[in-house]
Amino acid sequence: MPLDTAAQCFALLVSGPAPLSVDGRGFAGLPDRLIPLDELRSRLMRGRCPPRTRDAVWRLLIERARAQGAAWTLACAGMALPALAGICRWASAKFPGESFDLQGEVLTGFLGALATIDVERPRPHVRLRWAAYRRALAALYEALDAPAPVAHGFRSAPPKPPWGHPDFVLARAVRVGVLTRTEADLIGRTRLETDSVAGWARTHAKPPSTVYQARRRAELRLRAYLTQGQQPAEQAVSACISITRTPARLPNRPRVWAAVSKRAA
């Protein structure tokens with residue numbers, strides 16, 4: 001499997017007497033010594049790691065991958081393996097199929113972005129993850145749009161619509177400009193999955209009251225879009241958002257939430 005191969009290559013890079021390392025000097029919160037990449041990955045994933053340190057380390061990794069090639073490219077894939085594996089688990093749960101192809105698409109999306117994203121912008125690791133996620137979503141669209149195989153002698157049938165997959169409804173809303181990707185992620189995680197608004201807000205460093213308001217505005221646009229002719233999956237999403245009501249006790253409702261409304265790169 002592609003991710004297994006990436007994990008094995010990463011393990012080889014960080015084993016032996018001279019593991020691939022990054023000098024921690026100059027990075028806030030990291031020890032002043034050479035840090036093997038497997039240890040570095042664990043440190044960057046800790047909640048107390050400063051965001052600026054995480055950004056700076058990933059900027060260094062990306063620049064080395066572009067300048068020095070294969071070893072550091074594999075190193076970047078290994079550093080991102082927890083996120084890439086999470087994307088593959090999500091996609092496989094939505095549409096069980098050929099896991100090998102799906103993992104290949106996720107890696108392709110990640111490596112393509114590794115060569116092209118702007119390293120001067122903040123949170124490069126998040127934008128790499130989004131690139132892999134978009135590639136997985138495109139692969140699922142392609143799989144669901146393909147006609148179902150039939151035995152010889154049977155008549156052809158139209159492709160099966162993606163009913164039962166509300167995430168695709170959110171993806172279509174992003175594609176036509178009804179939602180931003182961040183708004184779709186907010187609705188999907190707090191309405192269709194198990195994340196709380198408070199947890200989502202904490203992860204994105206936003207006040208819960210601000211997130212409630214941003215979700216409410218996004219859901220109003222989405223519901224208007226869905227009521228123009230609903231399919232079963234669209235009905236499922238509409239049912240989830242129809243019960244939305246911002247808690248009356250939230251103080252100081254902000255009028256604008258630029259971070260959610262801004263499109264992620």
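Predicted model: local features only at pLDDT ≥ 70, side-chain atom pairs only at ≥ 80, totals over all residues.
Residues are numbered from 1 along each chain as its sequence is written, and side-chain values use heavy atoms, with hydrogens and water left out.

To return to that pair, α1 (residues 2-13) packs on α6 (residues 99-114) at about 55°, with the axes 8 Å apart; helices here are DSSP runs of H or I, at least four residues, and axes are lines fitted to C-alpha atoms over the stretch in contact, with angles from 0 to 180 degrees between N-to-C directions. P2, L3 and D4 of α1 make the contact with F100, Q103, G104 and L107 of α6, where contact means heavy atoms within 4.5 Å.

Turning to the second pair, the axes of α3 and α6 come within 10 Å and cross at roughly 90°, and these two helices are therefore roughly perpendicular. Here W58, I62, A65 and R66 in α3 meet F110, A113 and L114 in α6.

Finally, the core: among the 47 residues of the largest nonpolar core, L37, L40, W58, L61 and F110 touch the most other members, a core being a set of buried (under 20% relative accessible area, 1.4 Å probe, protein chains only) Ala, Val, Leu, Ile, Met, Phe, Trp, Tyr and Cys residues joined through side-chain atoms within 4.5 Å. The largest share of this core, 7 residues, comes from α7.

Conventions
Buried < 20%, exposed > 50% of the residue type's maximum accessible area, 1.4 Å probe, protein only. Parallel < 35°, antiparallel > 145°, perpendicular 65-115°, else oblique.
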